[in-house]
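The sequence and the structure are shown first.

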Amino acid sequence: MFWTRLASGIVLVILAIGTLWVGGWLTCWVMCALSLVGCFELLRVYKLQKRLMGIVCYLATILYYLMIFLKQEEILMPIMVTYLLVILAIYVLAFSKYRDKDMMAAFLAFYYVSVCLSYVSRLRDIKDGGYLIILVFICSWGNDTLAYCFGRLFGKHKMSPVLSPKKSVEGLIGGILGAGLLGAIFGICFNSFAHPIPNAPLWFGLVGAVGAVPAVIGDLAASAIKRNNDVKDYGKLIPGHGGVLDRFDSMIFTAPIIYYAVLFVLGNVR
């Protein structure tokens with residue numbers, strides 16, 4: 001299992017680097033594909049993956065990414081509102097076939113997976129996005145790795161004994177501080193390779209620390225849904241890691257936070 005997990009992890013990192021390096025249409029449609037798989041995985045938990053609400057979720061996801069690809073940002077909110085109205089209409093018109101939790105699960109799948117993951121593509125598309133996208137990985141995978149190391153070395157107090165017995169308060173603090181430190185190092189490198197900004201290590205250190213918090217929440221939220229529904233893994237797409245939601249759960253929460261934090265920093269410093 002370890003070697004399978006390691007090998008698939010290496011392949012995943014290589015694919016991620018290649019996709020984000022190219023950017024543009026490739027990043028947009030790869031994130032769309034991941035969102036569709038993620039929606040399928042979450043909808044399958046509620047047995048909606050092949051029903052009308054699930055199909056509408058897939059179509060809304062494709063349309064949403066198409067508007068991102070076409071740079072029609074003003075259309076995104078209308079799509080989100082229309083999607084909500086459509087699934088409410090399905091719920092009402094086919095009341096005997098759906099329960100309220102089905103409607104809410106379909107609502108969650110689109111907003112939680114598709115909308116949140118789209119911020120990876122949107123962050124990549126802004127100025128210096130090829131560098132700034134690294135912050136998402138610092139706050140998700142970097143934070144997770146450092147939290148694990150700190151937890152193994154110093155962990156004594158359980159953070160969430162029911163949802164994730166192996167996570168500790170010490171690991172949480174270590175992950176946040178570590179992500180902040182990685183963010184500061186990123187700031188030094190950013191000023192060397194991209195368009196420099198004043199006090200970049202300080203600003204990106206703060207972004208790294210702040211972004212690490214939702215990464216932890218994202219991980220625990222995905223675990224909570226699985227536990228509530230007696231699911232071990234969301235899928236088997238990534239050998240040794242599970243499905244898209246198993247591997248990208250922290251990134252789903254982190255990407256929107258990093259996107260808006262970066263816009264705030266660039267808008268107030270440059």
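Is V81 buried, partly exposed or exposed, judged by its relative accessible area? V81 is partly exposed, because its relative accessible area is 41%, a value between the 20% and 50% cut-offs. The residue is found in helix 4. Between V81 and F253 there are 172 residues in sequence and 21 Å in space, taken from C-alpha to C-alpha.

**Confidence of the model**

The model is a predicted one. The mean pLDDT of the chain is 89, and 94% of the residues reach at least 70. Among the elements of the chain, the highest mean pLDDT, 97, belongs to helix 3 (residues 52–69). The lowest, 70, belongs to helix 1 (residues 2–22).

**Helix packing**

Two packed helices are described by the angle between their axes and the distance between the axes.

| Helix pair | Angle between axes | Distance between axes |
|---|---|---|
| Helix 3 and helix 4 | roughly 170 degrees | within 10 Å |
| Helix 5 and helix 10 | about 55 degrees | 8 Å |
| Helix 7 and helix 9 | roughly 50 degrees | within 8 Å |

The axes of helix 3 and helix 4 cross at roughly 170 degrees. Helix 3 is therefore roughly antiparallel to helix 4, since the angle is over 145 degrees. On the side of helix 3 the contact is made by L52, M53, V56, C57, A60, L63, Y64, M67 and I68. Helix 4 contributes L76, I79, M80, Y83, V86, I87, I90 and Y91.

Helix 5 (residues 100–125) packs against helix 10 (residues 244–269) at an angle of about 55 degrees. This angle makes helix 5 oblique to helix 10, and the crossing of the two is left-handed. The residues of helix 5 that make the contact are Y112, V113, C116, L117, Y119, V120, R122 and L123. Those of helix 10 include M251, I252, F253, I258, Y259 and V262.

Helix 7 (residues 134–154) and helix 9 (residues 200–228) cross at roughly 50 degrees, and the two are therefore oblique to each other. Helix 7 passes helix 9 in a right-handed crossing. In helix 7 the residues involved are L135, C139, S140 and N143. They meet F204, V207, G208, G211, A212, A215 and V216 in helix 9.

**The nonpolar core and buried residues**

Which residues of the largest nonpolar core touch the most other members? They are F110, L123, L132 and L135, in a core of 76 residues. L123 also belongs to the contact between helix 5 and helix 10. Leaving out residues up to four places away in sequence, L123 touches G129, L132, I133, V136, I258, Y259 and V262. One of these, L132, is itself among the core residues named above.

S118 is likewise found in helix 5. It counts as buried because its relative accessibility is 0%. Apart from neighbours within four places in sequence, S118 is in contact with Y64, Y65 and I68. Y64 and I68 also take part in the contact of helix 3 with helix 4. S118 and D144 lie 26 residues apart in sequence, with 21 Å from C-alpha to C-alpha.

D219 lies in helix 9. Its relative accessibility is 16%, so D219 counts as buried, the cut-off being 20%. With neighbours within four places in sequence set aside, D219 is in contact with K167, D249 and S250. D219 and P201 are 18 residues apart in sequence and 27 Å apart in space, C-alpha to C-alpha.

**Backbone geometry in two loops**

Most residues other than glycine have a negative phi. K71, which is not a glycine, has a positive phi of about 65 degrees. K71 is placed in the loop between helix 3 and helix 4 (76–93). It counts as exposed because its relative accessibility is 52%.

N199 is not a glycine either, and its phi is positive at about 55 degrees. The loop that holds N199 runs between helix 8 (169–193) and helix 9. With a relative accessibility of 53%, N199 counts as exposed, the cut-off being 50%.

Definitions and conventions: Residues are numbered from 1 along each chain as its sequence is written. This is a predicted model: local features need pLDDT of at least 70, side-chain atom pairs count only at pLDDT 80 or more; totals for chains, interfaces and linings use all residues. Side-chain values use heavy atoms; hydrogens and water are left out. A nonpolar core is a set of buried Ala, Val, Leu, Ile, Met, Phe, Trp, Tyr and Cys residues joined through side-chain atoms within 4.5 Å. Buried means under 20% relative accessible area, exposed over 50%, partly exposed in between (1.4 Å probe, protein chains only). Contact means heavy atoms within 4.5 Å. Helices (H or I, at least four residues) and strands (E, at least two) are DSSP runs, numbered from the N terminus. pLDDT is the predictor's confidence in each residue, from 0 to 100. Axes are lines fitted to C-alpha atoms, for helices over the stretch in contact, and angles run from 0 to 180 degrees between N-to-C directions. Angles under 35 degrees count as roughly parallel, over 145 as roughly antiparallel, 65 to 115 as roughly perpendicular and the rest as oblique. A crossing is left-handed if the near helix is turned anticlockwise from the far one by less than a right angle, and right-handed if clockwise.
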